[in-house]
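Colleague: Could you take me through one part of this model slowly? I am still learning how to read such pictures.

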Amino acid sequence: MASHRRPKQPSRARVTVLTTAAAAAVAISSQAANAAPSEKPSKDEVKAKVDKLYEEAEQATEKYNGAKEKQEKLQKEISTIQDNVARGQEDLNELRDSMGLAAAAQYRTGSIDSSLQLFLSSNPDDYLDKASTADQLSAQQVEQLKKVQEKQRELAQQRAEASEKLKDLASTRTELGKKKKQVQGKLAEAQKLLNTLTAAEKAALAAEEQRASRSAADRVDLGNTGSASGRAMAAFQAAQSQIGKPYVYGATGTASYDCSGLTSWAYAQAGVSIPRTSQAQANAGTRLSMGELKVGDLVIFYSDLHHVGFYAGNGQVLHAPRSGTVVRYESINNMPFQFGVRI
């Protein structure tokens, strides 16, 4: 008879290992089949991301400009206080010298009085506190002592004020450094994205921007649009003379500009001083709706007011748009309009 033996069954451990391996293989192959191939972003996708980064860089730029303006203001104030302290110390020294000369003259005649003796050996405040009656001093001596006291108090106050401003200056410089790093980081990230484009794609983007700028310039019709004022037109014409100059964050001309750098420079050429940042310029005059705009009015964009340009008439603005561009005309509808400002 043939022997019928049951085949040997694999061990439980071996079955578990084989099953796990098979499942893993199926999962990997399934993931590989379902995973979308890694695709290079399109030119338009890169442009959208770069534009967003440039907008964020400009937000940081206006904050940088504000910190820089504050730093410059503090430096001027501190310098003025320090000059005042130096002059005040000279005045105080002269007062003391004059009292010292009077004491020396009285000493030579043997008639130095107790008031000068006390003054020369202690604080004038102490003397006046200790003097029991005003007639212990001559009117001239009282006046001199009061001047010394007042000068001492004034110098102490000025030194304390300078000390506080120096602390504020130190924190402002720290803030300035942080904002500068933020701007540089955003610009570097944008440049990294741009570097992923081919030369042909970069050329196509540049051509698109040039066509848009030429189209906007063709729509500007100053002959049919009145200006806000003579000075507003003078400021606008100054800005026109800078068309083609590159955007550089923190720049105020004349080789390059950022948005608020251009507007503040242009108004300065018209003899009008306006604040440095777009947020401050937004509060520098009368606010206007889009329908009220005239050539030379400022136009404020974005909810946080981080961009500003000139109204150029016929729905166009003249501005320094962002990094990688130049001063140019552009449709007012290309950015979220907030309001106009008539200086």
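Is the crossing of H7 and H8 left-handed or right-handed, and what surrounds that spot?

Modeller: Happy to! First, a word on the source: this is a predicted model, where local features need pLDDT of at least 70, side-chain atom pairs count only at pLDDT 80 or more, and totals for chains, interfaces and linings use all residues. Residues are numbered from 1 along each chain as its sequence is written, and side-chain values use heavy atoms, leaving out hydrogens and water.

Now your crossing: H7 and H8 cross in a right-handed way (the near helix is turned clockwise from the far one by less than a right angle). Helices here are DSSP runs of H or I with at least four residues, and strands are E runs of at least two, numbered from the N terminus. H7 covers residues 230–240 and H8 residues 259–269; they pack at about 125°, with axes 7 Å apart (axes are lines fitted to C-alpha atoms over the stretch in contact, and angles run from 0 to 180 degrees between N-to-C directions). That makes H7 oblique to H8 (under 35 degrees is roughly parallel, over 145 roughly antiparallel, 65 to 115 roughly perpendicular, the rest oblique).

Staying with H8, look for Thr 263 in this helix. Thr 263 is buried, with a relative accessible area of 0% (buried means under 20%, exposed over 50%, partly exposed in between, with a 1.4 Å probe and protein chains only). Among the residues that Thr 263 touches are Leu 298, Val 308 and Phe 310, not counting residues up to four places away in sequence (contact means heavy atoms within 4.5 Å). Finally, H8 lies across strands E2, E3 and E4, running at about 55° to E3.
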